[in-house]
Amino acid sequence: MSRLKQIKTFLLHNSKVLKKQKKQLNTIPKNQKLDDLSYDMHIWLSPPIAIESAIAIHDMLINIIPKKKYLIDQNLKTFKKKMMFIEKKIKNKLHSIKEKKYFVFHNAYQYFEKYYKIYPLKAFINFPGIQTGVKELYDIKKNLQKHQASCIFIEPQFNTNIINIITRGTNIRTCVLDPLGTSIPLSQDSYIKFLFQLSNQYIRCLNKH
């Protein structure tokens, strides 16, 4: 099996798109398959996909610049070693929050969450911005209270005023999850630091309950 095919075995479906496509199956010609939009493409949040991608890039680089084989081999070896170390560290850290209840406003983290066995109660797909109506805000708040969520995760670009309205009068904490690692400078260890930062963002909110 090629590395790219191996990566495809790790892909998870985008449940929202998949449901929409399944409803349309009766109108799709029989010889036409569901397209790749049915997959969740936040693949950089998957440690196994990251490793398989690194191996695929390694193999391609050796074919392109064979004179650099030793350096390319060493870079891959170092990356895999660091990934093994950080994965074990993150698993140990996240073990303490496996039973904690939380919500997210962006269904982007399922690769990371599935791999480390932490799962949100729900992902509120609609962006809580200016267009959000009073009824929708009430429904979201009611849902949070009903499930006794301890934390709700938002992203750096979200409207914090809207989030404050939702959580007002509750004990629900609000914390930021950054799926892009925007504050991490580009370096050889950027991806390792990104995974560690993301795990700390979960811990920071959920370990206080």
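## Briefing: cysteines, helices and salt bridges

C175 is buried, its relative accessible area being 11%; here, buried means under 20% relative accessible area, exposed over 50% and partly exposed in between, with a 1.4 Å probe and protein chains only. The model is a predicted one, in which local features need pLDDT of at least 70 and side-chain atom pairs count only at pLDDT 80 or more, while totals for chains, interfaces and linings use all residues. Residues are numbered from 1 along each chain as its sequence is written, and side-chain values use heavy atoms, with hydrogens and water left out.

**Overall build**

- The protein has eight helices and four strands, taken as DSSP runs numbered from the N terminus (helices: H or I, at least four residues; strands: E, at least two).
- Along the sequence, these elements come in the order α-α-α-α-β-α-β-α-β-α-β-α.
- Of the 209 residues in the protein, 40% are buried.
- Among contacts (heavy atoms within 4.5 Å) with a separation of 6 or more, 64% join residues 24 or more positions apart.

**Cysteines**

- The count comes to one disulfide, the term standing for a pair of cysteine sulfur atoms within 2.5 Å.
- That disulfide is formed by C151 and C205, whose sulfur atoms are 1.8 Å apart.
- It links distant parts of the chain, 54 residues apart: C151 is in strand β3 (residues 151-154) and C205 in helix α8 (residues 190-206).
- The disulfide is right-handed, because the torsion about the S-S bond of C151 and C205 is about 105 degrees.
- C151 and C205 are both buried.
- C175, by contrast, takes part in no disulfide; its nearest cysteine sulfur belongs to C205 and is 3.1 Å away.

- The buried residues of α3 are P47, P48, I49, A50, E52, A54, I55, A56, H58 and I62.
- Their cover includes α1 (3-8), α4 (69-94), α5 (110-116) and α8.
- I57, M60, L61, I64 and I65 make a nonpolar surface patch of about 470 Å². Patches are made of residues with over 30% relative accessible area and no salt bridge, joined within 9 Å for like charges and within 5 Å for nonpolar side chains (Val, Leu, Ile, Met, Phe, Trp, Tyr).

- S199 is found in helix α8, where it is buried with a relative accessible area of 0%.
- Leaving aside residues up to four places away in sequence, S199 touches I90, K93, L94 and F112.

**Salt bridges**

- The structure holds two salt bridges, each a side-chain nitrogen of Lys or Arg within 4 Å of a carboxyl oxygen of Asp or Glu.
- One joins D73 and K69, with the closest N and O atoms 2.7 Å apart.
- D73 and K69 are four residues apart in helix α4, which means about one helical turn separates them.
- D73 is partly exposed at 24% relative accessibility, and K69 is partly exposed at 41%.
- The other pairs the side chains of K82 and D189, at 2.7 Å from N to O.
- K82 is in helix α4 and D189 in the loop between β4 (173-176) and α8, so this pair ties together parts that are 107 residues apart in sequence.
- K82 is partly exposed, with a relative accessible area of 30%, and D189 is partly exposed at 24% relative accessibility.

**Positive phi angles**

- Most residues other than glycine have a negative phi.
- K117, which is not a glycine, has a positive phi near 60 degrees.
- K117 sits in the loop between α5 and β2 (122-123) and is partly exposed, with a relative accessible area of 48%.
- Q148 is not a glycine either, and its phi is positive at about 55 degrees.
- Q148 belongs to the loop between α6 (134-146) and β3, and it is exposed, with a relative accessible area of 61%.

Technical notes
Areas by Shrake-Rupley, 256 points an atom, 1.4 Å probe, with all protein chains shown as cover.
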